[in-house]
Amino acid sequence: MSIKDRGKLKWQPALMLHEYVKLLNDVNKDYYRQVKPILDEYQLEEFENKIHTAMEFASPVMFIVWEDGFDWEYVGMIHRLDQFTKVFIWSWKMRRDILSG
């Protein structure tokens with residue numbers, strides 16, 4: 001005879017207020033936030049060299065971008081780079097949150 005345990009389900013109230021659920025989600029989201037990384041000029045120069053190499057050989061690139069406290073992974077191809085404004089035009093194929101895998 002096995003015991004059928006409902007786990008966390010039995011401890012959660014049947015009806016939760018929407019405000020309370022939102023508050024719990026916000027607290028959980030804030031727990032995983034990260035501080036914005038500070039890049040020095042050597043790291044930026046290394047990024048530029050990798051971008052130029054990827055453009056020259058038309059190879060796909062993967063960027064890990066910090067947005068609002070979370071890291072996002074972008075995979076795509078770089079099409080064009082503006083030397084003066086340091087803005088590049090690219091098409092990305094996939095975006096995913098690093099934490100969720």
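A: Helices (H or I, at least four residues) and strands (E, at least two) are DSSP runs, numbered from the N terminus. The model is predicted: local features need pLDDT of at least 70, side-chain atom pairs count only at pLDDT 80 or more, and totals for chains, interfaces and linings use all residues. Residues are numbered from 1 along each chain as its sequence is written, and side-chain values use heavy atoms, with hydrogens and water left out.

Now the pairs. A salt bridge is a side-chain nitrogen of Lys or Arg within 4 Å of a carboxyl oxygen of Asp or Glu. By this rule there are 4 salt bridges. Side chains of opposite charge can pair when their charged atoms come close.

Start in helix α2 (residues 41-57). E46 pairs with K50 there, with the closest N and O atoms 3.3 Å apart. The two sit 4 residues apart, so about one helical turn separates them. E46 is partly exposed at 41% relative accessible area. The classes are buried under 20%, exposed over 50% and partly exposed in between (1.4 Å probe, protein chains only).

Helix α1 holds K22 and D26, also 4 residues apart, about one helical turn. Their salt bridge spans 3.0 Å, N to O. K22 is exposed at 53%, whereas D26 is partly exposed at 33%.

D30 and R33 form a salt bridge at 2.9 Å, N to O. D30 is partly exposed, at 45%. R33 is partly exposed too, at 33%. A network of salt bridges links D30, R33 and D68.
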